[in-house]
Amino acid sequence: MKNLTIDVSQVAPEVTQDMINKEQDNILKQLKTLTDKSGKGNDFLGWLDLPDNIDGDQVMSIEKTAARLRGKADYVVVVGIGGSYLGARAVIDALNDSFDQLKDDRKNPAILYAGQNIGEDYTYEMLDLLKDKSFGVIVISKSGTTTEPAIGFRVLKELLETKYDKEEVKERIVAVTDASKGALRTLAEQEGYETYVIPDDVGGRFSVLTPVGLLPIAVAGYSISELVRGAKEMKALTGTDIPFDKNPAAVYAAARNLLYQKGKKIEIMVNYQPKLHYVSEWWKQLYGESEGKEHKGIFPAAVDFTTDLHSMGQWIQEGERSIFETVVSVAAAKHRVLIPRDEADLDKLNYLAGKRIDEVNKMAELGTRIAHTDGGVPNIKVEIPELNEYYLGQLLYFFEKACGISGYVLGVNPFDQPGVEAYKKNMFALLGKPGFEQETEAIKKRL
Ligand SMILES: O=P(O)(O)OC[C@H]1O[C@](O)(CO)[C@@H](O)[C@@H]1O
């Protein structure tokens, strides 16, 4: 059976294989601190064991709820922000037909997202679409008080309540939240919604293998047991008993930290499959919230190639040399499309006639990699054999594990996000939220 692989052979001259090997002791020490749960933020390490802890009963319960929503609704809106929706969206978009939402013969509900922004037009347009449609809602918030999903849920709940009676509304809403505390827990209990729990020791950005990710993924029609099986395999492949050079998470953490120390302050995640766009978005939150603190941390950015080669390619090739790339590559495309021969050959493409489009994509990938390393952009390559639930499970767990190790190498607590509060405090002060009177007064003086 094939697995995810990592290639760090193209990070020279800044970082050599010898330098990576010399990191071995430090990296393995941080890995042990992580798995022993003896480091910073160790009360948020529940995600480490999720792949082993999810049992058949949990999977069956989630699949049963998913089947009910699938049976009732043509559209299911996932309401959540940050880690409360990005994991689900990463997996669903990676697996969905690119034109799923436009197909009339869809077997599963279309998944829509709300509560991840406060765009009034976005909200209006979603309500306008759903007013005549059969829909359900999965509302996901660990705290229950995050403004964006709270607003999103309020308006969708109101719409459901105008369309259906109380009993039917109950059947169409599922809440994923804290086991005992928070506004969403209280509301769900008052209204009698079915609920799933986000464990106390799992932070939002590490929650894709809890019902936060699993329920929407199951509603979209994908196998959550395969996803968990892939993560479980990656847990084994990144364990403390695995030699450093065979542990992809250890090697990735070593290479990216060395690059950072050499002045490569920005890591750009690259994909060659538009379906992976939201894997990059998920990864950006994972690494950005975990490492960006104490005025330290690699800035995680992302591009979709070859699309962005025609917009950002110039900067990456010849701009400031403060970047490195991590390419997520998928070895095999799912479908075959051959490039047709054309008599006139005006576009001079006949030399490619009969070739698969993926072959062209792969040569674009290789050519870009060589060009970028030649241009002073070190390249890490992470490859999965194909896009399916199993390998996505491997990929997600690989990045999570490497993130924990990497944060410890950097010396920060990778499992908190105190900086996110600053904008919320100002927003509440500006909106005149009760309890923020002093802040309101102070901020008004600055306007
Ligand atoms: O699930 P909640 O509590 O609504 O939080 C959503 C997101 O907000 C944050 O707490 C801060 O951005 C993230 O860590 C989290 O993923």
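**Ligand site and sheet**

Modeller: This is a predicted model. Starting with the ligand, 14 residues surround it, and the closest are Gly82, Gly83, Ser143, Thr146 and Gly204.

Biologist: How many of the shell residues are nonpolar, polar or charged?
Modeller: Three are nonpolar, eight are polar and three are charged.

Biologist: Changing topic, where does UniProt place the SIS domain?
Modeller: The unreviewed UniProt entry puts it at residues 65-234. That span is 48% helix and 15% strand, and its end C-alpha atoms lie 28 Å apart.

Biologist: Now the sheet. What is the strand order?
Modeller: The order is E3-E2-E4-E5-E6, in an open sheet of five strands with parallel pairing. Strand E3 (110-114) and strand E6 (194-197) are the edge strands, each pairing on one side only. From one strand to the next, the twist averages 20°.

Biologist: How many bridges join E5 to E6?
Modeller: Four, with strand E5 covering residues 173-177 and the two strands running parallel. Within that pair, Ala175 stands opposite Thr195 in E6.

Biologist: Which strands does helix H7 touch?
Modeller: Helix H7 (residues 147-163) packs on the sheet and touches strand E2 (75-79), E3, strand E4 (135-140) and E5. The direction of H7 makes about 150° with that of E2.

Biologist: And H9, which strands does that one lie across?
Modeller: Helix H9, residues 183-191, lies across E4, E5 and E6. H9 runs at about 145° to E5.

Key
Residues are numbered from 1 along each chain as its sequence is written. This is a predicted model: local features need pLDDT of at least 70, side-chain atom pairs count only at pLDDT 80 or more; totals for chains, interfaces and linings use all residues. UniProt positions are given in the numbering used here, feature names are shortened, and annotations may be inferred rather than shown by experiment. Two strands pair if DSSP finds at least two bridges between them. Axes are lines fitted to C-alpha atoms, for helices over the stretch in contact, and angles run from 0 to 180 degrees between N-to-C directions. Two residues are in contact if their C-beta atoms, placed from the backbone, lie within 7 Å. A residue is near a molecule or strand if its C-beta atom, placed from the backbone, lies within 6 Å of it. Ala, Val, Leu, Ile, Met, Phe, Trp, Tyr, Cys and Pro count as nonpolar, Asp, Glu, Lys and Arg as charged, and the others, Gly among them, as polar.
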